[in-house]
Amino acid sequence: MSCVAVLAGCQGETGNAGSTGESREAKGTIRFGYVNWAEGIAMTHLLQAVIEDKLGYEVETTQADVGPVFQGVAQGSFDAFVDTWLPVTHASYIEQLGDKFDVYEDPVYENARIGLVVPAYVNINSIEELNDHREKFQNRIVGIDAGAGIMQKTEAAIAEYGLAFELIKSSGPAMTASLADAIANEEWIVVTGWTPHWKFARWDLKFLEDPKGIYGADEHIYVTARKGLEEDAPDVVKLLKNFKLNDEQLGTLEDYINEGLDPVEAGRKWMNENPDVVEGWLQ
């Protein structure tokens with residue numbers, strides 16, 4: 001269960017069981033891989049707080065690109081990844097590696113969505129209209145990390161719609177920074193976007209219509225876990241199978257992080273404010 005050091009772009013963080021002040025010996029270590037996406041950061045570190053404080057394990061979290069995270073779960077380097085989007089975004093990883101890990105049946109978040117997003121003041125409504133205004137968009141779509149499923153779908157959209165646009169590879173935070181700069185200057189911008197994400201609460205945004213259905217319909221977010229985790233840590237698996245957040249709950253958690261709280265402390269704050277919800281996950 002140790003993290004493989006050769007995973008590209010890994011950034012590890014270790015928590016301490018009983019960090020609320022209790023002194024106890026940890027039952028073991030649970031290792032999460034996560035990607036630098038707002039909802040994944042929020043959910044992973046909320047679970048870290050719950051597992052440390054309520055179940056008595058140490059938790060290690062490692063940030064990496066999505067491909068290495070799925071590989072890590074398949075290889076047993078990571079115990080779980082809680083930001084698996086299906087049936088579209090991460091379908092290729094399930095096809096390649098799905099027999100090497102478990103995808104828990106009940107989603108942690110329902111009715112997620114991916115697509116191309118613009119500020120509401122941009123007066124087009126469909127991907128089919130992008131080419132007519134490509135100069136206003138500087139002939140570019142601002143994306144996130146190269147291995148993300150939404151980037152693969154956007155490459156397909158560029159081909160299917162014949163878009164004269166370049167897909168810019170960056171990261172989730174870099175994408176939202178570009179969006180913020182453009183909105184501050186009332187400039188036109190198109191980005192790879194998804195819900196749940198705090199940017200929809202901060203700015204007036206809209207998805208462009210996708211008449212060819214490249215990005216699919218609504219998606220759900222699931223937990224992916226390594227084989228054998230249920231035998232090694234049944235209480236953790238019970239939590240992961242019961243774990244579920246709605247829009248308001250996830251939005252509040254993301255807001256705490258955006259306000260400057262460390263993600264684990266944001267998770268701990270949310271956990272302490274919602275004891276009945278957390279207790280229900282543990283039953």
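The structure is a predicted model, in which local features need pLDDT of at least 70 and side-chain atom pairs count only at pLDDT 80 or more, while totals for chains, interfaces and linings use all residues. Residues are numbered from 1 along each chain as its sequence is written, and side-chain values use heavy atoms, with hydrogens and water left out.

The chain is assigned a domain 1, made of 29-111 + 218-282, and a domain 2, covering 114-207; such bounds come from an automatic or database domain assignment. Taken over C-alpha atoms, the centres of domain 1 and domain 2 are 26 Å apart. Where the two meet, 20 residues of domain 1 are in contact (heavy atoms within 4.5 Å) with 17 residues of domain 2. About 1,400 Å² is buried between domain 1 and domain 2, and carbon and sulfur atoms give 58% of that area. Buried area here is the accessible area, for a 1.4 Å probe, that two parts lose on being put together, summed over both.

Zero salt bridges are counted between domain 1 and domain 2, a salt bridge being a side-chain nitrogen of Lys or Arg within 4 Å of a carboxyl oxygen of Asp or Glu. Four residue pairs, both members at pLDDT 80 or more, do make polar contacts across this interface. A polar contact is a pair of N or O atoms within 3.5 Å; within protein, one must be able to donate a hydrogen and the other to accept it, and residues adjacent in sequence count only if both atoms are side-chain atoms. On the side of domain 1 that touches domain 2, the elements giving two or more residues are α1 (38-55), α3 (91-97), β6 (109-119), β11 (219-226) and α9 (247-258). Of these, α9 gives the most, with three residues. Helices (H or I, at least four residues) and strands (E, at least two) are DSSP runs, numbered from the N terminus.

Turning to charged pairs, the count comes to 11 salt bridges. In one of them, Glu60 pairs with Arg31, with 3.1 Å between the closest N and O atoms. This pair links distant parts of the chain, since Glu60 is in strand β3 (residues 58-63) and Arg31 in strand β2 (residues 29-34), 29 residues apart. Arg31 counts as buried because its relative accessibility is 15%; buried means under 20% relative accessible area, exposed over 50%, and partly exposed in between (1.4 Å probe, protein chains only).

With Asp53, its closest N and O atoms are 2.7 Å apart. Arg268 lies in helix α10 (residues 263-273) and Asp53 in helix α1, so the pair ties together parts 215 residues apart in sequence. Both Arg268 and Asp53 are buried. With Glu265, the closest N and O atoms of Arg268 are 3.0 Å apart. Arg268 and Glu265 are separated by about one helical turn because they are three residues apart in helix α10. Glu265 counts as partly exposed, at 39% relative accessibility. A network of salt bridges links Glu52, Asp53, Glu265 and Arg268.

Helix α2 (residues 66-75) is largely enclosed by the rest of the structure, because eight of its 10 residues are buried. Among the buried residues of α2 are Val66, Pro68, Phe70 and Ala74. Their cover includes β2, β4 (80-86), α3, β5 (101-103) and β11. After α2 comes Gly76, with a positive phi near 90°.
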